[in-house]
Amino acid sequence: MANMKVDQNDSEVQDLICAGFGPASLAVAVALHDAIDEENPSLRTLDPKVRFLERQQHFAWHAGMLLPGAKMQISFLKDMATLRNPRSEFTFLNYLHRKNRLVAFTNLSTFLPQRIEYEDYMRWCADHFQDVVDYDQDVESVEPASTHATTGAITSFRVLSANRTTGHRTERLAKHVLIAAGGRPQLPDWVPRHHPRIIHSSQYATTAHKAFTPDKPPKSIVVIGAGQSAAEIFHNLPSRFPGCTSHLLIRGSALRPSDDSPFVNEVFDPERVDDYYSQDPALRAEAIAQDKATNYGVVRIALLEEIYASLYSQRIQYSNEDEWPQRILNHRTISHVEDLPPSAPSGDSPCLRLHIHNASSAFQAYPSPASETLDVDLVIVASGYLRNAHEDILAPLAHLRASSQSSSWQVARDYRVQFRDGAVSDDAGVWLQGCNEGTHGLSDTLLSILAVRGGEVVDSIFGQKGANGKAR
């Protein structure tokens with residue numbers, strides 16, 4: 001763990017507190033470890049006091065989507081360290097070596113590990129930092145703690161968090177705060193909150209089975225969405241719930257492939273962030289929209305081919321498509337959902353009725369009913385994530401935004417929050433990770449540039465400062 005100082009005194013001012021300990025913060029921890037281990041002369045200190053606060057009870061990465069056989073969508077070379085420092089002990093290859101699987105992995109002839117293996121790799125990295133991580137801590141807010149006697153500029157922040165098990169609240173002080181809280185499930189307006197039979201895709205592997213008893217498995221499940229997560233779940237359902245009928249409802253005409261061709265993939269190159277950030281906002285928004293087929297609402301071609309082959313086999317077995325155990329229903333949107341009363345003492349009747357708008361008639365020669373209903377036992381909504389947790393956390397500082405006209409936080413190229421001039425001291429500040437796609441490009445919410453970005457954040461926070469307060 002290099003020389004990150006372990007300090008259990010919550011009243012001591014930390015050099016850095018990170019809200020969240022997912023891949024983004026982990027990459028920062030690895031980059032800081034490597035810089036300390038190398039005794040990097042650009043660091044202001046080789047003995048920083050750092051704490052990571054994570055709301056989960058242990059390190060986990062998309063636990064609800066760790067499906068058997070699911071593979072990564074990026075090369076293992078885009079791990080926590082390699083693109084920044086291939087000699088780091090935290091590379092994926094060194095992980096394989098330490099786990100005695102390096103030779104066996106090479107026999108796979110792939111750059112795409114299974115997702116369960118990559119999560120185990122990141123957990124292996126995270127275990128190196130156990131002494132400076134507090135799990136089960138939900139960061140609630142960041143507010144001013146101390147100010148400069150003369151200028152009034154904030155010199156430290158108070159970070160308030162709550163233990164998710166006990167409810168006990170703790171205040172910690174830090175000169176620098178990094179917020180990398182990750183995404184929160186985004187649910188459509190028609191979804192009733194906290195319904196036991198309607199779950200987000202992020203809960204599938206960990207929660208779906210809990211809605212049923214072994215003697216009463218689901219008979220009908222619907223998945224809503226047209227992206228990678230929706231396709232993976234739809235493909236997994238027959239093996240997880242044998243005998244269950246499943247439908248995939250999509251808004252468009254068909255599932256579409258992600259574009260991971262080499263030229264387009266350059267949008268995820270670390271140096272492209274400079275280009276994005278320097279662009280005119282309107283041009284940048286247009287460029288990001290143009291490249292969304294790399295990541296949003298698309299599916300890897302290999303999985304598409306597997307799904308198509310599976311559906312094709314049903315054509316052989318069944319003469320009528322209505323008899324298929326699995327179907328994709330296109331041009332569909334949900335208007336609302338209602339609970340169904342149990343109609344049999346056994347409780348075997350469906351629990352939910354979906355009211356569906358079918359727009360197929362506009363795209364085909366023969367008309368279809370515009371309104372449909374579908375009775376199911378479970379609904380899985382793969383509707384993406386919101387990246388706005390920082391808005392709630394930073395609410396006590398909202399009056400210090402750089403622009404009073406802006407309703408959102410603005411960040412500099414180095415991810416440092418831009419406060420009003422003079423509001424925060426040059427040797428203090430707040431940094432945001434994973435919520436800056438609009439200014440830093442499509443890679444911001446992904447794993448692709450974490451190794452390099454982690455190094456940039458470490459340099460921004462701990463690098464020697466010039467006369468203008470910027471790292472140099």
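Helices (H or I, at least four residues) and strands (E, at least two) are DSSP runs that are numbered from the N terminus, and the expected span of a helix is 1.5 Å times one less than its number of residues. The model is predicted, so that local features need pLDDT of at least 70 and side-chain atom pairs count only at pLDDT 80 or more, whereas totals for chains, interfaces and linings use all residues. Residues are numbered from 1 along each chain as its sequence is written, and side-chain values use heavy atoms, with hydrogens and water left out.

View 1. Leu303, Leu304, Ile307, Leu311 and Gln314 of helix 9 are buried (under 20% relative accessible area, with exposed meaning over 50% and partly exposed in between, for a 1.4 Å probe and protein chains only). These residues cover an arc of only 105 degrees around the axis, which puts them on the same side of helix 9; the arc is that of the directions from the helix axis to the C-beta atoms. Glu305 and Ile316 are exposed on the face turned away from the buried side of helix 9. The cover over the buried residues includes helix 6 (228–240) and strand 11 (326–329), where contact means heavy atoms within 4.5 Å.

**View 2. The aromatic pair of Phe92 and Tyr95.** Rings of Phe, Tyr and Trp (its six-membered ring) pair if their centres lie within 6.5 Å, and planes under 30 degrees apart count as stacked, over 60 as edge-to-face and the rest as tilted. The structure holds 19 aromatic pairs. Among them, Phe92 and Tyr95 form a tilted pair, at 5.5 Å centre to centre and with 35 degrees between the planes. Being three residues apart in helix 2 (residues 92–98), Phe92 and Tyr95 are separated by about one helical turn, and both are buried. One aromatic cluster includes Phe92 and Tyr95 together with Trp61, Phe76 and Trp124.

View 3. Val430 counts as buried because its relative accessibility is 0%. Although Val430 and Ile179 are 251 residues apart along the chain, their C-alpha atoms are separated by 7.5 Å. Not counting residues up to four places away in sequence, Val430 touches Phe157, Val177, Ile179, Leu394, Tyr415, Arg416, Val417 and Phe419.
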